[in-house]
Amino acid sequence: MFEAVGVHGPELSPTAALVLDAVLVASVFTLLVAPARQKTADMALLGTLVLACSAVRVVMVPLPNVQPVTVVALLVGARLGAARGVAFAVLVALLSNAVIGDGWWTLFQAMGWSLVAVLGSRLDVGSSESVHLSRLAGASVVAAFLFGSVTTLSLVDGSTTAASFVSLLVQGLPFDVVHAIGNVAIVAWCAPMLMRFLDRIDTSLEHVIEVVERHAIDG
Amino acid sequence: MRRHPFALLGLLLLVGAAPLASAGWTASWSFALDDGYITTTPQTDGTNIFLRSSGFWVDEARPEVVALNGQGEVQWRVDNPNATQHDMSPLLHIKRTSGDCGNSGPSLLVGWSDGRLERLDPSNGTSLWSITTEVDVWGITGSIAKDGDHVVVSTRTGLLRVCVATGEVNFSASTGLGWRNGPTVTEEGFWQGDEAGRLWHVDRNGSATVRANFSGYLRHPPVVAGDHLLLHVQHAANSTLMAFNRTSNSTAFIASSGPSPALPLRVSGGALFGDSNHLTSVRCEATCWLEDRMNATTNGAMKRDRSGALWFPINTPEGGWTSVDVSSNLTFGTQSTLLTSVDTYGTAAPLFIGERMYLGNDAGVLLAHEVYYADPPPFVYDPAAAVGGAILAGVMVGLAVLVRRTSTLWGWRGLSAVALVLALMMLPDAVREWNAEAPVVQGPVTAWNETWPQAWRDGHVLIVEFEDRTLMEGGYAGPTTVEALTRQGAGDMGLSFEIQDTVLGPYLTAFDGQEGYGWEYFVNGERVPLSIADAELNEPSIVHWRLASAR
């Protein structure tokens, strides 16, 4: 094998790792805590989801690139909005990597799942009574390749050319395909249950933010 | 009655094929030159095989160079209508060169007995350039050596340094009358013997001086072993093994041996010598000494296979090939003989490409052999595939029933779960196949460094780059995979290493206990997306290991 397990990019110094984690936590704080209308009960439920997903990710490490977090990020984005979806993605990446292994790649995994959450926020997945499973499954396939592309950026350095980046993407395709198939399976088995759970969290915050965002864009 | 010729043919085929299936190799195909002998070791570009013939002037037949693909089909052939003597200069394949005199792509360098040095395009045999050197009965008969973006060739009466890209002559030095006396490249210049027993040194400006004088013939390239040059001096009825110290200009006698020396083979710490009586190993440190000796008859070239065993043709009327295990301290172990249906005199060493071996001899037949395992496990029916298929079929039927009795959702759930399980099971094989075809990821280019010992040029170079130091060793001719080279080279460097077996193949996790965030390797500046066991080295290569964090 041309590289050992765990090759994701440059090793960070302790100070750099601390700064990176601090930036990520601050972004989460900004997204979740700063808005005054965030309810404590909702925070607790979201926190529970973060902990559960982190634990599941750690447990499923032996299965190469089966990533339940991707589907959950998609659903959190869809049901709770982009801001809380991004916060969820960053927290899961930070927490689970604290066990699996923290480093430069954490930033790109957080970015990847954040983009998936943003993708979800633009998606109508129906309600817990009537989940649009085929649409969700399709989006989860797209999300797998989106996540794979973003995390490949962690391998980019000064010597990387456009051609060599494409080569890296191509080399990762088998793993992205497994990721996509895993996502479809997770959607089929878990999406209705996750939707019911997410419906217990108040979505009003996101509605306000969405309105503000749209007004800003319109303006 | 018509059956009899077929029965006889079948019997002949059986008798002819029977001796081939021995000693771990089995014949797969053969290619017969119309006329001529195969006296020099075939060369390869990793896929195709290039061989040359010498001898035979029947009708229009002349010595030629032939390119075959891996199935033994002729790709092209080029003959030399002006050849009047045996052509015995080994071919030299060069993947590419770059330097001040220009960049060149793949090249096949051919020295002809009519004095021509020619560069052929290995893909189609087109002559890219050709230069003429002096002829005194013979022209070029010795090996050609690569020297950066140039090649160095012993002409009949001197030494020539030529740019590979353009064919422009860098210098032409006059030395003594030579025969099969290929040059050796070192950092300080070039070494060459002659028919008067003189050891010549030609510096990089082309100035030639005699550095030692032996009574006999110096007919093969000197072998570099540290500060020493090892020489096999030929006499009328015997030979002597000598060492020449390049620093002190002193000579030392090592041993007497038999007549008609073979081409010596450089190995780590010394060299292997053959002749009509013996196979001899010599090691050097501050001095050089005879390490081991066994009876053998070999007067041509020798080569080591991927396991490190030494192979050479038996140059007798009965012929055949001998393989000998050689230990790291150059003692000889178990030997075995491979007999074929076309055995006769031979001087060409086998060519190894992966798990294939190509043998050529004076019969003018190239035999392709494939490795086989002497004690294959008895055939046992493995029901796993049938059971797996039955389970899969059962699951599908179950899903269909489920969908019919409940809902489509349960069908999708079952189907996606089965697909995921199958994908995970297939992933290791899929990754292996996919990466073999995937485009190469360029890494830092590791080009030949002029400060490295010239003796490394004919072998692989291994570089292990830590954060605080870089270790390197070179001149390895035996290893044919990155794994074999790494194991041997790291051992010579005194480095411990850890290799783990995984479903994707073995991967290296640590040198000297240092894991970092993984180790990655590059072959000639290109990252190879294969297991180190699957990454083959078919020509002298530079393998560079570094920590993945070192970017």
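**Close-up views of a predicted model**

View 1. Gln192(B) has Trp200(B), a residue of strand 16 of chain B, as its bridge partner. This pair belongs to the antiparallel arrangement of strand 15 of chain B and strand 16 (residues 198-202) of chain B, which are joined by 4 bridges. The two strands form a hairpin with 4 residues between them, and in this hairpin Gly197(B) takes a positive phi near 80 degrees. Strand 14 (residues 184-186) of chain B also pairs with strand 15 of chain B, in the antiparallel sense and over 3 bridges, with Thr184(B) standing opposite Trp191(B) of strand 15. Here, too, the strands make a hairpin, with 2 residues between strand 14 of chain B and strand 15 of chain B. Strand 15 (residues 189-193) of chain B is mostly covered, since 5 of its 5 residues are buried.

**View 2. An open sheet of 4 strands in chain B.** The strand order is 26-27-28-29, and the pairing is antiparallel. Strand 26 (303-304) and strand 29 (332-338) of chain B are at the edges with a single partner strand each, so that one side of each has no neighbour in the sheet. Strand 26 of chain B is joined by 2 bridges to strand 27 (residues 310-313) of chain B, the two running antiparallel, and Lys303(B) has Trp311(B), in strand 27 of chain B, as its bridge partner.

**View 3. The largest nonpolar core, with Leu230(B) among its members.** This core has 89 residues, of which Val151(B), Leu230(B), Ala271(B) and Met302(B) touch the most other members. When residues up to four places away in sequence are not counted, Leu230(B) touches Pro222(B), Val223(B), Ala225(B), Ala243(B), Pro264(B), Ala271(B), Val282(B) and Cys288(B). A second, separate core of 63 residues includes Val76(A), Phe88(A) and Val187(A), together with Val431(B).

**View 4. The crossing of helix 3 and helix 4 of chain A.** The axes of helix 3 (residues 68-80) of chain A and helix 4 (residues 82-100) of chain A come within 7 Å and cross at roughly 155 degrees; the two helices are therefore roughly antiparallel to each other, and their crossing is right-handed. From helix 3 of chain A, the residues Val69(A), Ala73(A), Val76(A), Gly77(A) and Leu80(A) meet Ala82(A), Arg84(A), Gly85(A), Phe88(A), Ala89(A) and Val92(A) of helix 4 of chain A. Val76(A) and Phe88(A) are also included in the second core, the one of 63 residues.

Terms used
Residues are numbered from 1 along each chain as its sequence is written. Chains are lettered from A and ligands numbered from 1 in the order in which they are written. This is a predicted model: local features need pLDDT of at least 70, side-chain atom pairs count only at pLDDT 80 or more; totals for chains, interfaces and linings use all residues. Two strands pair if DSSP finds at least two bridges between them. A residue is buried if 20 or more other C-beta atoms lie within 10 Å of its own, exposed if 12 or fewer, and partly exposed in between; C-beta atoms are placed from the backbone. A nonpolar core is a set of buried Ala, Val, Leu, Ile, Met, Phe, Trp, Tyr and Cys residues joined through C-beta atoms within 7 Å. Two residues are in contact if their C-beta atoms, placed from the backbone, lie within 7 Å. Axes are lines fitted to C-alpha atoms, for helices over the stretch in contact, and angles run from 0 to 180 degrees between N-to-C directions. Angles under 35 degrees count as roughly parallel, over 145 as roughly antiparallel, 65 to 115 as roughly perpendicular and the rest as oblique. A crossing is left-handed if the near helix is turned anticlockwise from the far one by less than a right angle, and right-handed if clockwise.
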